[in-house]
Amino acid sequence: MTETETNLYDVVVLGAGPVGENVADRTRAAGLTTAVVESELVGGECSYWACMPSKALLRPVIARADARRLPGLRQAVQGPLDTAAVLARRNWYTGDWTDDGQVDWIESIGADLYRGQGRLTGPRTVSVGDRTLTARHAVVVATGTRAALPALPGLADVRPWTSREATSAQSAPGRLVVVGGGVVATEMATAWQALGSQVTLLVRGKGLLDRMEPFAGELVAEALTEAGADVRTGTSVASVTRADGVVVVVTDSGERIEADEILFAVGRAPRTDDIGLETVGLEPGSWLAVDDSLRVDGTDWLYAVGDVNHRALLTHQGKYQARIAGAAIAARAAGTSLDQADPWSAHAATADHECVPQVVFTDPEAASVGLSLAEAEAAGHRVRAVDVDMSSVAGAGLYAEGYRGRARMIVDLEREILRGVTFVGPGVGELIHSATVAVVGQVPIARLWHAVPSYPTISEVWLRLLEAFRDN
Ligand SMILES: Cc1cc2nc3c(=O)[nH]c(=O)nc-3n(C[C@H](O)[C@H](O)[C@H](O)COP(=O)(O)OP(=O)(O)OC[C@H]3O[C@@H](n4cnc5c(N)ncnc54)[C@H](O)[C@@H]3O)c2cc1C
């Protein structure tokens, strides 16, 4: 047993995922001493079991699908993907699940890394192994999420895949059942179907991607079916067992499905069950509610940033919060008061509320920012949805023969600004930032006419949307 050591820092960050790393970057840049505590790999879920490996798996899938839509190129890409090569490139992107590069980066910004499970032991104090870290100004919880599993009897014996196995598997299972209809389920169904698995997708609701405009899920389901996946909506898992290696799923309607693996992608749970929340009067296992400076309600020293606060479970949004939290901590440490009411304040995460962008890397891609029609109406905005078939755009036709896609913008009729935009179609992921600028910037519709898209790009869909608004 080593002697307990106490270390004093301005800021202690719990969790070195993309969000914890970015908080540390900001607090260090502001001259605050910073400790970072990490229990697994520096870089977090995103680097090793989420964004990076999933997109490394999907990129060749989407590139091949795009190539197959072009006469003259189609013939050259008729064969199957080289799954081993795709997996090897994915392995490279995760550094073979080692974090040396990111540890070097933590050192380069001048933060101190502590490895181990960090736990709050009271206000401003964190234990890691035998050490106690004390924070002068702030403790930041950036511990992220883990996959949530349903309460099915005997599920542990089935050894189901979660997002971790789905993004790190070293071979394609022959038959894969995917349970869920959200982003992780649709992306992983797209990837593994193309990499050699026969995928059956079981979706409890009426369709896929139910947080987006309904046409997004419809177009993705259509494409998954064309790719050979079996998409079953309105279907729940009643029981699942594994015998002699074979997974047997029985659905709520009594159907029996056999598979080699089963992936549950049915939601996320906060990693706050074992971080000592009870020592500061908070509920272990809960999402941590925060104000717009990312400070936990009812405290003046505890911040919760990224997935763990449940505002928007996305890396880019968590990193945005990290920039805001870092600036807020530095300002408060310097004794500056924050203007939370100012919507343009660098100390308030205002974009979290109604301006969140997201790209789903399926084939076709689905990309959205801000509110869907249903969300805008529920929020009480007086809006109109404007729809355009993206095949009417010259750039879309050039991009892919028989281009299938759809765009929608949600116009706030009172303020004549956009509340939300959705694009679905090949190549639209790179288009969404134009919409993000329009939505976040609250650009007046009349001014958007003067934002001229280059010819012949898919971005000309903006002209079609504005014309459709003017003419109807
Ligand atoms: C399959 C999948 C694909 C995704 N793809 C995308 C995408 O393409 N784009 C996107 O924007 N988002 C994507 N996401 C979401 C994205 O992964 C998360 O939003 C992001 O990882 C959140 O970052 P974070 O830093 O808050 O948490 P995490 O990345 O989960 O990092 C938290 C870190 O804290 C550590 N930790 C936890 N508890 C402790 C403790 N007590 N002490 C010390 N350390 C601790 C963990 O080990 C981990 O390293 C995807 C998610 C999944 C599951």
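Leaving out neighbours up to four places away in sequence, D363 is in contact with A65, R69, T190 and A223, where contact means heavy atoms within 4.5 Å. I start there, but first a word on the model. It is predicted, so local features need pLDDT of at least 70 and side-chain atom pairs count only at pLDDT 80 or more, while totals for chains, interfaces and linings use all residues. Residues are numbered from 1 along each chain as its sequence is written, and side-chain values use heavy atoms, with hydrogens and water left out.

Back to D363. This residue sits in the loop between β17 (357-360) and β18 (365-370). Helices (H or I, at least four residues) and strands (E, at least two) are DSSP runs, numbered from the N terminus. Is D363 buried or exposed? D363 is buried, because its relative accessible area is 17%. Buried means under 20% relative accessible area, exposed over 50%, and partly exposed in between, with a 1.4 Å probe and protein chains only. The side chains of D363 and R69 are joined by a polar contact of 2.7 Å. A polar contact is a pair of N or O atoms within 3.5 Å; within protein, one must be able to donate a hydrogen and the other to accept it, and residues adjacent in sequence count only if both atoms are side-chain atoms. The bond from D363 to P364 is a cis peptide bond, with omega about 5 degrees. P364 belongs to the loop between β17 and β18.

There is another cis peptide bond, from Y455 to P456, with omega near -5 degrees. P456 lies in the loop between α15 and α16. In helix α16 (residues 461-471), the buried residues are V461, W462, L463, L465, L466, A468 and F469. They pack against β19 (383-389), β20 (406-412), β21 (417-425), α14 (432-440) and α15 (445-448).

Next, the ligand. Which residues come nearest to the ligand? Of the 34 around it, they are E38, K55, G118, D307 and T315; a residue is near if one of its heavy atoms lies within 4 Å. The shell divides into twelve nonpolar, 15 polar and seven charged residues. Here Ala, Val, Leu, Ile, Met, Phe, Trp, Tyr, Cys and Pro count as nonpolar, Asp, Glu, Lys and Arg as charged, and the others, Gly among them, as polar. At least two shell residues come from each of α1 (18-29), β2 (34-38), α2 (44-49), α3 (51-67) and α10 (315-333).

A side-chain N or O atom of D307 is 2.7 Å from a ligand oxygen atom. For H316, the distance from a side-chain N or O atom to an oxygen atom of the ligand is 3.2 Å. Q117 has a side-chain N or O atom 3.0 Å from a ligand nitrogen atom. Taken alone, the ligand exposes 1000 Å², and the protein buries 94% of that; these areas come from the Shrake-Rupley method with a 1.4 Å probe.

Last, S197, in the loop between α8 (183-194) and β9 (198-202). S197 counts as buried because its relative accessibility is 3%. Its side chain reaches the backbone oxygen of P173 at 2.6 Å.

R159 makes a contrast: it counts as exposed, because its relative accessibility is 52%. R159 is in the loop between α6 (155-158) and α7 (163-168), and its phi is near 50 degrees, a positive value in a residue other than glycine.
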